[in-house]
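Here are my notes on the two-chain model you sent. Please read them with the sequence and coordinates open.

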Amino acid sequence: MAANLFQVLQTLLVLLLAPLFAGYLQNARALLQNRRPAGILQPYRDLLRLFHKESIIAEGTSWLFRATPYLLFAAMWLAAGIVPILATALPLAPAADVIALVGLFALARVFQVLAAMDTGTAFGTLGARREMLVAAMAEPALLAALFTASLLSHSTSLSSIVDHLESLRFALHPSMVFAAAAFFMVLLAENARIPVDNPATHLELTMIHEAMILEYSGRHLALVEWAAQIKLLLYVGIGIALFLPWGIAPAGDLAALPAAAFWLALKLLAAGAVLAVIETLLAKLRLFRAPEFMATAFLLGVIGLLSYFMLGA
Amino acid sequence: MLVSAHIAVWGTSLLKLLAAMLLLIGFAMLAQRRLLTLIHLLAWQGFVLALGTALVALLTGQTELWYSAALSLGLKALLIPAVLHRLLRRLKVRGDVEAVINIPTTLLLGIVLVIFAFSLAAPISALTGTITRGMVGIALAAVLLSFLMMITRRKAISQVVGFLAMDNGLFFAATSATLGMPMIVELGVALDALIGFVILGIFFFQMRETFDSMDLSHLERIREE
């Protein structure tokens, strides 16, 4: 019973926290760049505004265009129930291991790309192609990083990985250091963050994610943006679960909940700060340099795997 | 010198991390386009090497290794990069490193080399019982990566950086496989590398005077005069 309560709690928490995290990130970036921030609650206001607006369906689009925002949101929502962010061993956790989770993200991406091509505009197709270019190279890197953690804990289930890594207590694993670096690069690329894509731009020649959702409006756009915010939070959550797993409560243990919430807040604050600093310091890469960025991430993931075999840690 | 078991466990995993860092720096050099950053990376590699040697000295109690560590720090982390830096300024070489093959392909080739080195070193590291077991493969991989860098770069300076990186890899191999070469050999090798470096420095100036460029492809044609 208590485990189910945890499941509901975490799923709702991720949904509601995602815009807040995005707002915190925007605020931190604005402050670092000497701009006046719009307030940490701005993403909520944006979502609310969009939900109240009429959504216009582009002419000549099929059901795919209309279904995709709901599908995206549903996929992210499902993932929010699986990743051990607040608690491990959630009732839904056995539904998908890390590989299936990557597949779930891929499913969402494929639908987003198809919907972007469905509009038939030049920008949509351009964004879709670029998205696939980045994704095709980011996914192996992501899997390599995840496999390193799986090898270390002899399991592909995120919950058991977290349990195992938590039991190791601050042991230093070279392979995990590489996996962490690879994962971080993938996180930046997959969530349309700065070295690969600029989340704040509407400049047609450089955008990837924005180009794909250009035709969406109203509640559709709200769902797409919300899903993107959840995805960012989930990636940060997976990163925390893999590389800083201390303080995640086992599901059903109500006494551990306040501590888990406290650690989660602290880690998210730190992760947001790191992301904001990275995005302020780095310039966006030329699109043709993006494969190089992803090749580096893949390389780091593979070195992680290899050093596990070679050094046994 | 005896250290407590706790420090030994930590030290060993720290050593593994340093070994992995060495490999990472090797790859970073392979991916680097700018000469100046390349030299900084070489300095970092020397620093990691010195730190690793010092750690092995601490863990095994081999006093000779402390000298080796100090030598690495002074020579490889400070002196040689500083001289290279000066050379770069005096030669007024600017622009990027020109690679023969494009960078992502080079990196993938690097992965293949690392796998090769690891499989080659697996039986060797199974034989050794020292704490540095498993690091022979990494050292070998670092050497091979430096080879790859020398092969894929056109400019003389980046080839010299590759040569020095290879020297670093060899030192690491010696430290990890046999807990360091005899002091006299180590000093000799260090001196050799230094002299080779000085000769190459003179060669740079000669080359610039003759060809007005650092591109080694000029040397491939035979000129009759």
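Is Leu126(A) buried, partly exposed or exposed?

1. Leu126(A) is partly exposed, its relative accessible area being 30%. On this scale buried means under 20% relative accessible area, exposed over 50%, and partly exposed in between, with a 1.4 Å probe and protein chains only. Leu126(A) belongs to helix H5 of chain A, residues 122-153. Helices are DSSP runs of H or I of at least four residues, and strands are runs of E of at least two, numbered from the N terminus. The C-alpha atom of Leu126(A) is 7.8 Å from that of Ile208(A), a residue 82 places away along the chain.

2. On conventions: this is a predicted model, so local features need pLDDT of at least 70 and side-chain atom pairs count only at pLDDT 80 or more, while totals for chains, interfaces and linings use all residues. Residues are numbered from 1 along each chain as its sequence is written, chains are lettered from A and ligands numbered from 1 in the order in which they are written, and side-chain values use heavy atoms, with hydrogens and water left out.

3. The interface takes 19 residues from chain A and 26 residues from chain B, contact meaning heavy atoms within 4.5 Å. About 1,900 Å² is buried between chain A and chain B, and carbon and sulfur atoms give 83% of this. Buried area here is the accessible area (1.4 Å probe) that two parts lose on being put together, summed over both. On the chain A side, Leu172(A), Met310(A) and Leu311(A) lose the most area to chain B, together 34% of what that side buries.

4. Which charged pair bridges the two chains? Glu292(A) and Arg33(B) form a salt bridge, with their closest N and O atoms 2.9 Å apart. The count between chain A and chain B is 1 salt bridge, defined as a side-chain nitrogen of Lys or Arg within 4 Å of a carboxyl oxygen of Asp or Glu. Helix H7 (174-190) and helix H11 (290-311) of chain A are the elements that give two or more residues to the side of chain A that touches chain B. H11(A) provides the largest share of that side, 12 residues. By class, that side has 15 nonpolar, 2 polar and 2 charged residues; Ala, Val, Leu, Ile, Met, Phe, Trp, Tyr, Cys and Pro count as nonpolar, Asp, Glu, Lys and Arg as charged, and the others, Gly among them, as polar.

5. Over all chains the structure holds 8 salt bridges. Arg109(A) pairs with Glu139(A), the closest N and O atoms being 2.5 Å apart. This pair links helix H4 (residues 98-118) of chain A, where Arg109(A) sits, to helix H5 of chain A, where Glu139(A) sits, 30 residues apart. Arg109(A) is buried, at 5% relative accessible area, whereas Glu139(A) is partly exposed at 24%.

6. Arg109(A) also meets Glu190(A) in a salt bridge (2.6 Å, N to O). Glu190(A) is in helix H7 of chain A, 81 residues from Arg109(A), and is buried, with a relative accessible area of 8%.

7. In chain B, the side chains of Asp167(B) and Lys76(B) form a salt bridge (3.2 Å, N to O). Asp167(B) is in helix H6 (residues 156-178) of chain B and Lys76(B) in helix H3 (residues 63-91) of chain B, so the pair ties together parts 91 residues apart in sequence. Both Asp167(B) and Lys76(B) are buried. Back in chain A, salt bridges with shared partners join Arg109(A), Glu139(A), Glu190(A) and Lys231(A) into one network.

8. Gln45(B), in helix H2 (residues 35-60) of chain B, is buried, with a relative accessible area of 2%. What does the side chain of Gln45(B) make a polar contact with? The partner is the side chain of Asn168(B), at 3.1 Å. A polar contact is a pair of N or O atoms within 3.5 Å; within protein, one must be able to donate a hydrogen and the other to accept it, and residues adjacent in sequence count only if both atoms are side-chain atoms. Beyond its neighbours within four places in sequence, Gln45(B) is in contact with Leu22(B), Ile25(B), Met29(B), Ala165(B) and Asn168(B).
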